Amino acid sequence: IMYFVIIRPQTKKAKEHKNLIDSIKINDEIITNGGIIGKIEKITEQFVVIEICSNTTIIIRKEFISTIIPKGTIKNIK
């Protein structure tokens, strides 16, 4: 019972997040776990460079990407 209630949903969610991380590419618009919205400029093995504003970039670990959002969302927010 514990497997179906706790372990299985947790492993399924972890697998979905890994697939999300593996599918990111340059120019994807993302939201981080901290709520920062930005566009990916560079991807390395463990880190991602994100442009959060004109000429302003930050470096985060790939694991902290929570969602890929549709292209053009950032322009609509500004």
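**Close-ups of a five-stranded sheet**

A hairpin of three residues links β2 to β3. Strands here are DSSP runs of E with at least two residues, numbered from the N terminus, and two strands count as paired if DSSP finds at least two bridges between them. This is a predicted model, where local features need pLDDT of at least 70, side-chain atom pairs count only at pLDDT 80 or more, and totals for chains, interfaces and linings use all residues. Residues are numbered from 1 along each chain as its sequence is written, and side-chain values use heavy atoms, with hydrogens and water left out.

**View A. Here β2 meets β3.**
Strand β2 covers residues 37-43 and β3 covers residues 47-53; they run antiparallel, joined by four bridges. Look for K42, whose bridge partner in β3 is V49.

**View B. Next up, β3 and β4.**
Six bridges hold β3 and β4 (residues 56-61) in an antiparallel pair.

**View C. Now β1 beside β2.**
Strand β1 (residues 29-32) pairs with β2 through three bridges, again in the antiparallel sense. Check out I31, which sits opposite I37 in β2.

**View D. Zoom out to the open sheet.**
Five strands line up as β4-β3-β2-β1-β5, with antiparallel pairing. At the edges are β4 and β5 (65-69), each pairing on one side only. Direction ignored, neighbouring strands of this sheet are turned by 45° against each other on average; the axes are lines fitted to C-alpha atoms, and angles run from 0 to 180 degrees between N-to-C directions.
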